[in-house]
Structure formats: structure tokens, C-alpha cells
Amino acid sequence: MSKGIDLSVVIVSWNVKALLEKCLRSLLESPGWQLVPPDREPSGEDMRSLEVWVVDSASSDGSTEMVRSQFPGVGLIENSENIGFTRGNNQGIARCRGRALMLLNPDTEVLGDALATMGDYLAAHPDVGVVGPRIATPDGGVQPSRRRFPTYGTAFVESTCLQQWFPRHPALARYYVWDSPDNREQDVDWLEGACLVARSEVVKQVGGLDERFFMYSEELDWCQRIKSAGWRVVYLPQAQILHYGGKSSDQVVAAKHIRFQRSKIAYYTKYFGRFRGGLLRSFLLATYSWMWAVEGLKWLAGHRRPLRAERLAAYSQVLRSGLR
């Protein structure tokens, strides 16, 4: 009788071929794990079993050809358009057979025995629904990934021009959990989605990611639903990954702004009501109008005109979108 799959990994990718290759190699080189192709069952070997699904959103850089040729044991789902991070993850989740499920960004590398560390933690703590690792950056730093659930006031400071003016605002200190060190294992409200490991039973209970979020805020919403169902969410610094960060979204600057802010509005509308969501949209559009005006004055003054022109074009697209 098959012992079943221990861990399923879903990677949603768009035009990051070189980074995706590094990510897949890091997974397959994790000590003590055997890759199980989608149409196979684990063997009786004394190793943990791993299945991997790459969901490609119509990449044009040869990503799918690379996966097929270099990683034939990896499952590949090819889309004819960019369907977004959330919908892509749900496509992969629907195929997963593992007792645990990892959502992993393609611009990451799994370090050391991170897979085993997170898997063992879930096995030893049956009340934990989701666990996430410490996220290292290429320069040797740490990417903050622990969060408290936002208040409505958080929306007007976090990731707006007010954050630039008041970088130590108390709302940010609370939201980013600055009162707790990032080298300590701890329960948190939610974790950023570069790497999340959830029990399959949790996914069956609360469902996959909410597809009203094209990308951004989907992991916040997911963790909120998981905690509301009575499960713990744990930050586990004993496990580590390397994250290069934003390599897909950085390719489309204006779209990144629009998608981030649309998802932010969608989250606050879902949890705080349509009226408050509408107020937030108006506030965000006002901030982009202000930033457009500032960049325009700098352009007129001749200060770094190529940069100012790029920002003016991006902010104009945001304003034309109405963030709807």
C-alpha cells in the first residue's frame, strides 16, 4: 500500500526562467526527499515523498520548455494567459495529493533542511494549521514576513506616501510586529506568502485562495480564514529560504501598483464593508494624484527626468484605472 505523498509544492511562475530553475533545484536537492511524478505513487524507500507542480502563466522566456526538459518529474500546468498568482495557486492546489501543501514563490531557494523542519513541526503540533520560515535576502539580511492583522487605520499608512513621511508610525510598529524579534519562534496573525506550508485538512476546511485577489493580500485573507477556523499560524525561523523578491511583478511597474492597491481595497471591503472600502479607494487615488503632481514638478525642474517620466506614466495609469 502506498504511504502517500508527504508534501506537495505549488509554484506559480511568470517569466522568471533562471530563478525558477534555481528554485526547483533547491527543492530537489533537499536532503532526505524523493520527487514523485504526478502520475506515480511513492516507492517504499525510507525517504520523504515530494511532489511539485509548476503553474505557468503564459511565460514567453522558455520557462515551460526548461521545466519539461530539465525536470521531467515535476508537474506542469500551462496557461494561455497570465491568470494571476491566486488563481494559479488554486489550479495547483486542486492537483495536490500531499498531507501538507507548500505555496512557494519561484524567486526563492529552499535552504538546508527547511522542508523537513517545517514538516516535522506540523507533525508535532496538531493545532498548527500554517507554518512559515525565516526569509533571507541575497545581501544576508532578513525580509520581514510576520504580520498582525491590520486595523482599518493601518490601510491609510501602510504602503502609502504616509509611510514615507512617518516610517516609525505606531500603526506600522504594530502591523510589522516590531516588538518581537524575528529570530524567535512565535504565533502570528499571518505570514507573507513567499513560502507557506499548510495542512491539507486545513485547505479542505477553509478552501483555497480567494480569487478576487489577482495577487497581493491573498495570503493575508487566507491566514485570516484559517485562524478564524481555530488553527494556529506559526513563524518558524529554524527553517529558512532565500527570496530574491518581486522579480515577476517588477517587470510591469504600473500593473504592480494597480494590482497591489486593488487587492488592498478588496481586502478592506471584504472585512470592513463597502463604504469603508470606497473611502480607502478615494484616499489612495488622492495620494497618487499628489505623487503625480510632485513628480511633475521635479520633471519641470529638470531633476532626473527619465525617472520622473517613468513615474508620471505609471501614476497616470493608476489614476486612469480608478483602482476598480
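The points that follow treat the salt bridges and the exposure of the residues that form them.

1. The model is predicted, and 19 salt bridges are present in it.

2. One of these joins the side chains of Arg 97 and Glu 51, with an N to O distance of 3.1 Å. Arg 97 belongs to the loop between α3 (85-95) and β5 (100-104), whereas Glu 51 is part of strand β3 (residues 48-57), so the contact ties together parts that are 46 residues apart in sequence.

3. The two partners of that pair deserve a comment on accessibility. Glu 51 has a relative accessible area of 1% and is buried, while Arg 97, at 30%, is partly exposed.

4. A salt bridge is also formed by the side chains of Asp 187 and Arg 232, at 2.8 Å from N to O. The pair connects distant parts of the chain, 45 residues apart: Asp 187 sits in strand β9 (residues 186-187) and Arg 232 in strand β12 (residues 232-243).

5. Asp 187 is partly exposed, its relative accessible area being 44%. Arg 232 is likewise partly exposed, with a value of 23%; the class applies because buried requires a value under 20% and exposed a value over 50%.

6. Asp 210 and Arg 212 form a further salt bridge, in which the closest N and O atoms are 2.8 Å apart. Asp 210 is buried, at 14% relative accessible area. Through salt bridges with shared partners, Asp 210 and Arg 212 belong to one network with Asp 221, Arg 225 and Lys 270.

Definitions and conventions
Residues are numbered from 1 along each chain as its sequence is written. This is a predicted model: local features need pLDDT of at least 70, side-chain atom pairs count only at pLDDT 80 or more; totals for chains, interfaces and linings use all residues. Side-chain values use heavy atoms; hydrogens and water are left out. A salt bridge is a side-chain nitrogen of Lys or Arg within 4 Å of a carboxyl oxygen of Asp or Glu. Helices (H or I, at least four residues) and strands (E, at least two) are DSSP runs, numbered from the N terminus. Buried means under 20% relative accessible area, exposed over 50%, partly exposed in between (1.4 Å probe, protein chains only).
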